[in-house]
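Please look over the sequence and the model displayed below before reading on. The paragraphs that follow move from one residue to the wider structure.

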Amino acid sequence: MRAAFIANGIVINIVEVKQLAAMAGLVACPNNNIGDKYDAETGTFELTDSEYKAVIQNVLDDTAKQHGYDNIITACSYSSEPAVQSYQVEGQAFMTWRAAVLAYATSAIIAKPSIDVLISNLPVLDLTSQA
């Protein structure tokens, strides 16, 4: 198992061990890297930028899927659909929403909120004013 040595709340080294008791002061860290922050009081690692980005991407893709698209890219691709205006308008709404989500996410990743706070503060997709 991967385990980390922590100094002053920062992962300073990662080792492979059979069990945590093999060395004093080790903390399990299946997905963490040197330099990641660790909160000893809560026993949790701060989420990495990659983990935040994955959450945001999942929200974008899942929302598009809820509206019948394969993912956010497919939904946005309809923004230039000239044959069916309703598809074009909906695609433009997805593009506008995606830009707003990514703008918010860029600042949120710096602030490092919890995932619940991150998701609850995301802009909401508005398809009602479209058509």
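I115 is found in helix α4, where helices (H or I, at least four residues) and strands (E, at least two) are DSSP runs numbered from the N terminus. The model is a predicted one, in which local features need pLDDT of at least 70 and side-chain atom pairs count only at pLDDT 80 or more, while totals for chains, interfaces and linings use all residues. Residues are numbered from 1 along each chain as its sequence is written, and side-chain values use heavy atoms, with hydrogens and water left out.

With a relative accessible area of 24%, I115 is partly exposed; buried means under 20% relative accessible area, exposed over 50%, and partly exposed in between (1.4 Å probe, protein chains only). Not counting residues up to four places away in sequence, I115 touches L47, Y52 and V55, a contact being heavy atoms within 4.5 Å. I115 and P30 are 85 residues apart in sequence, and their C-alpha atoms are 19 Å apart in space.

The loop between α3 and α4 (115–120) contains K112. The phi angle of K112 is near 60°, a positive value in a residue other than glycine. K112 is partly exposed, with a relative accessible area of 25%. A positive phi is also found at N8, where the value is near 55° in a residue other than glycine. N8 lies in the loop between β1 (2–7) and β2 (10–16), and with 82% relative accessibility N8 counts as exposed.

What is the overall arrangement of helices and strands along the sequence? The protein has four helices and five strands, which follow the pattern β-β-β-β-β-α-α-α-α. The radius of gyration of the protein is 20 Å, well over the 14 Å that the globule rule gives for 131 residues, so the protein is more spread out than a compact globule. Here the radius of gyration is taken over C-alpha atoms, and the globule rule is 2.2 Å times the number of residues to the power 0.38. Taken along the principal axes, the C-alpha atoms fill a box of roughly 65 × 25 × 20 Å. Of the 131 residues, 31% count as buried. Among contacts between residues at least 6 apart in sequence, 45% join residues at least 24 apart.

The interior can now be considered. A nonpolar core is a set of buried Ala, Val, Leu, Ile, Met, Phe, Trp, Tyr and Cys residues joined through side-chain atoms within 4.5 Å. The largest such core has 21 residues, of which I56, L60, I72, F94, W97, V101 and L118 touch the most other members. The elements that give two or more residues to this core are α1 (49–66), α2 (72–77) and α3 (85–111). The largest share, seven residues, comes from α3. Leaving aside neighbours within four places in sequence, L60 is in contact with I72, W97, R98, V101 and L102. A second, separate core of six residues includes A4, V27, C29 and Y38.

A64 is placed in helix α1. At 0% relative accessibility, A64 counts as buried. Not counting residues up to four places away in sequence, A64 touches Y69, N71, I72, A75 and F94. A64 and F94 are 30 residues apart along the chain, and their C-alpha atoms are separated by 8.0 Å.

F94 also belongs to a cluster in which ring pairs link Y69, Y78, Y87, F94 and W97. Rings of Phe, Tyr and Trp (its six-membered ring) pair if their centres lie within 6.5 Å; planes under 30 degrees apart count as stacked, over 60 as edge-to-face and the rest as tilted. A search of the whole structure finds five aromatic pairs. The rings of Y78 and Y87 form an edge-to-face pair, because their centres are 5.5 Å apart and their planes lie at 80°. Y78 is partly exposed at 28% relative accessible area, and Y87 is likewise partly exposed at 42%.

Finally, how many disulfides does the structure hold? The number is zero, with a disulfide defined as a pair of cysteine sulfur atoms within 2.5 Å. In general, a disulfide is a covalent bond between the sulfur atoms of two cysteines. C29 is buried, with a relative accessible area of 0%, and C76 also counts as buried, at 6%.
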